[in-house]
Amino acid sequence: MPPTPETVEVDFIAPRHLAGGGDPAWITVPLHRACGWSHGNDPLMPRVLLSSPDQKALLRLEPDPDGQWWTLNHAAEADRPAWYASFGARTPVELIAVFTDALTDPAPAASTPSDPYEPLRQSAWQPPTIGADGLVSPDGTAYVQRLGTAQEPGAWFVTASLGPERKPVWQARFGEHTPARLVAAFTTALTDPHPAARTNSLRSLPTRAPDVVTRRTTDVLAVHVAAALEERVHALAARRTLPPTTPSSPRQPPARKSRSR
């Protein structure tokens with residue numbers, strides 16, 4: 001009798017912005033292997049530093065109990081001042097990856113929204129109160145706001161929160177000069193209804209309240225779980241050789257040949 005294929009318990013969690021941080025390799029490995037970002041080697045420091053091939057962008061991942069864990073700084077260019085983006089520890093890696101994928105895309109899609117609010121409006125996000133700035137998700141757990149005025153717009157803030165006191169779970173911040181298409185890529189990802197895949201999610205979930213977060217546990221073939229990151233790397237690397245019209249959408253661990261619980 002042939003051996004039974006090994007499986008791994010995978011939790012599919014919705015809404016995805018409350019799924020916990022996830023595996024940082026979903027971001028760092030493709031940046032290095034598919035996009036040519038270089039990294040330092042300091043095993044004595046609990047941090048990761050990645051720099052873009054043109055040395056204009058630096059991504060820092062550094063555990064900071066009092067601040068943002070992910071910070072991307074981009075140098076000034078002829079048509080744009082320096083800008084930054086940062087993400088809290090529990091920001092799902094899938095959301096951050098959409099941002100870094102858009103940044104490194106050699107042929108950005110012309111269909112990308114130029115207004116970061118537009119994808120939210122199309123998904124029924126509403127102002128928190130009449131006349132207030134920003135938009136809130138239908139379930140009230142995510143809030144997007146831009147500071148400043150119409151004449152002098154400021155930074156963007158995206159906050160995921162829980163409970164009657166709206167305790168923050170994570171926050172993403174985008175400087176006032178961050179390209180709008182990159183912020184729009186992030187807000188578009190916020191509206192994605194598909195669950196996020198996690199292993200050992202009970203250790204990382206910000207809440208276990210079933211009325212807020214749903215968790216479906218499924219046994220997935222281990223080979224599929226292991227292959228998910230490789231497929232993502234290959235898909236991003238292919239952007240350098242495929243025509244601009246060819247889509248590349250990284251996949252999450254598939255649930256085929258699995259059984260639900």
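Let me start with Ala57, which counts as buried at 4% relative accessibility; buried means under 20% relative accessible area, exposed over 50%, and partly exposed in between, with a 1.4 Å probe and protein chains only. This is a predicted model, in which local features need pLDDT of at least 70 and side-chain atom pairs count only at pLDDT 80 or more, while totals for chains, interfaces and linings use all residues. Residues are numbered from 1 along each chain as its sequence is written, and side-chain values use heavy atoms, with hydrogens and water left out.

Back to Ala57. Ala57 sits in strand 4, residues 57–61. Helices and strands here are DSSP runs numbered from the N terminus: H or I with at least four residues for helices, E with at least two for strands. Setting aside residues up to four places away in sequence, Ala57 touches Trp37, Leu50, Ser51, Ser52, Leu72, Asn73 and His74; contact means heavy atoms within 4.5 Å. Between Ala57 and Trp83 there are 9.6 Å in space, C-alpha to C-alpha, and the two are 26 residues apart in sequence.

Now the chain as a whole. The protein chain has 5 helices and 13 strands. Of its 261 residues, 41% are buried. Taking contacts between residues at least 6 apart in sequence, 60% join residues at least 24 apart.

Next, helix 4, residues 180–190. How many of its 11 residues are buried? The count is 8, so helix 4 is largely enclosed by the rest of the structure. Those buried residues are Leu182, Val183, Ala184, Ala185, Phe186, Thr187, Ala189 and Leu190. The cover over them includes helix 2, helix 3, strand 6 (83–87), strand 8 (142–148), strand 9 (153–162) and strand 10 (167–174).

Helix 2 deserves a slide of its own. Two packed helices are described by the angle between their axes and the distance between the axes. The axes of helix 2 and helix 4 come within 8 Å and cross at roughly 150 degrees; axes are lines fitted to C-alpha atoms, for helices over the stretch in contact, and angles run from 0 to 180 degrees between N-to-C directions. That makes helix 2 roughly antiparallel to helix 4, where angles under 35 degrees count as roughly parallel, over 145 as roughly antiparallel, 65 to 115 as roughly perpendicular and the rest as oblique. The crossing of helix 2 with helix 4 is right-handed: a crossing is right-handed if the near helix is turned clockwise from the far one by less than a right angle, and left-handed if anticlockwise. On the helix 2 side the contact is made by Leu95, Ile96, Val98, Phe99, Ala102 and Leu103, and on the helix 4 side by Arg181, Leu182, Val183, Ala185, Phe186, Ala189 and Leu190. By class, that contact has 12 nonpolar, no polar and 1 charged residues. Nonpolar covers Ala, Val, Leu, Ile, Met, Phe, Trp, Tyr, Cys and Pro, charged covers Asp, Glu, Lys and Arg, and the others, Gly among them, count as polar.

Helix 2 also packs against helix 1, residues 25–33: their axes come within 9 Å and cross at roughly 20 degrees. That makes helix 1 roughly parallel to helix 2. This crossing, of helix 1 and helix 2, is right-handed. Helix 1 contributes Trp26, Ile27 and Leu31 to the contact, and helix 2 contributes Val93, Glu94, Ile96, Ala97, Thr100 and Thr104. The residues of this contact of helix 1 with helix 2 divide into 6 nonpolar, 2 polar and 1 charged.

What does the side chain of Glu94 make a polar contact with? The partner is the side chain of Arg198, at 2.6 Å; a polar contact is a pair of N or O atoms within 3.5 Å, where within protein one must be able to donate a hydrogen and the other to accept it, and residues adjacent in sequence count only if both atoms are side-chain atoms. Glu94 lies in helix 2, residues 93–104, and counts as buried at 10% relative accessibility.

A second polar contact, of 2.9 Å, joins the side chains of Thr159 and Gln171. Thr159 is in strand 9 and is buried, with a relative accessible area of 16%.

Last, backbone geometry. The peptide bond from Ala14 to Pro15 is cis, with omega near -5 degrees, and Pro15 is in the loop between strand 1 (7–14) and helix 1. Gln55 is not a glycine, yet has a positive phi of about 65 degrees. Gln55 is in the loop between strand 3 (48–51) and strand 4, and is exposed, with a relative accessible area of 56%.
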